[in-house]
Amino acid sequence: MNNNLILRTLSIRPFLFLILAEIFSQLAINMLNFVLIIVAFTIAGSSTAVSGVILSFTVPSLLFGLLAGAYVDKWNKKKVLYAANFLRAILVFFLIFAHSNLILIYVLCFAISVVSQFFIPAETPMIPVVVKKELLLSANAIFGMIIYASIFIAYALSGPLILIFGRTGIFILLSLAFLLAA
């Protein structure tokens with residue numbers, strides 16, 4: 001284990017917790033993106049409705065991304081990560097009651113994306129805080145693999161999980177994933 005940098009990095013307890021939170025958070029947000037695209041198309045039967053979901057997730061990054069990053073640089077990043085995941089869990093939970101109203105879905109998507117703009121610049125800077133310099137390359141590699149794997153896994157599981165759990169169940173599952181990440 002001493003020679004395997006990946007295992008040494010994962011044996012650092014704070015880093016392991018950060019990565020586990022990252023796994024749940026990334027799976028939840030990526031799955032949410034795809035689930036809401038499916039839900040919007042199911043409700044409206046149009047690509048315009050799907051475009052509204054995509055815009056609701058994308059526009060906040062353009063409007064708030066830089067500002068959120070500037071604030072997060074001054075705040076306690078651990079608290080930001082916790083608060084962002086907790087708020088996203090609550091907002092996703094509200095989708096249970098809004099999953100048939102397209103306007104409410106857009107509003108909640110927008111709000112979730114705004115909160116995510118604070119989450120994104122807080123997660124990566126935590127790595128050098130919890131990992132020694134000689135393991136930083138391994139830590140960043142693990143982090144990057146998780147981000148890309150979560151996109152693939154979340155999109156692959158979204159359709160089947162909607163079929164298994166239904167709209168209400170999938171939003172409960174995603175809300176729980178954000179709570180676990182918090």
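Leaving aside neighbours within four places in sequence, Lys 77 is in contact (heavy atoms within 4.5 Å) with Val 72, Ala 122, Pro 125 and Met 126. The model is predicted: local features need pLDDT of at least 70 and side-chain atom pairs count only at pLDDT 80 or more, while totals for chains, interfaces and linings use all residues. Residues are numbered from 1 along each chain as its sequence is written, and side-chain values use heavy atoms, with hydrogens and water left out.

Lys 77 belongs to helix H4 (residues 77-98); helices are DSSP runs of H or I of at least four residues, numbered from the N terminus. Lys 77 is buried yet has no salt bridge, and the nearest side chain of opposite charge, Asp 73, is 4.5 Å away. Buried denotes under 20% relative accessible area, computed with a 1.4 Å probe on protein chains only. A salt bridge requires a side-chain nitrogen of Lys or Arg within 4 Å of a carboxyl oxygen of Asp or Glu. For charge, Lys and Arg count as positive and Asp and Glu as negative, whereas His and the chain ends are not counted.

Leu 36, in helix H2 (residues 13-44), counts as buried because its relative accessibility is 0%. Beyond residues up to four places away in sequence, Leu 36 touches Val 53, Phe 57, Leu 95, Ile 105, Cys 109 and Phe 171. The C-alpha atoms of Leu 36 and Glu 22 are separated by 21 Å, at 14 residues apart along the chain.

Ala 139 lies in helix H7 (residues 136-181) and is likewise buried, with a relative accessible area of 0%. Ala 139 and Ile 6 are 133 residues apart in sequence, and their C-alpha atoms are 7.4 Å apart in space. With residues up to four places away in sequence not counted, Ala 139 touches Thr 9, Phe 15, Ile 127 and Val 131.

Conventions
Helices (H or I, at least four residues) and strands (E, at least two) are DSSP runs, numbered from the N terminus. Buried means under 20% relative accessible area, exposed over 50%, partly exposed in between (1.4 Å probe, protein chains only).
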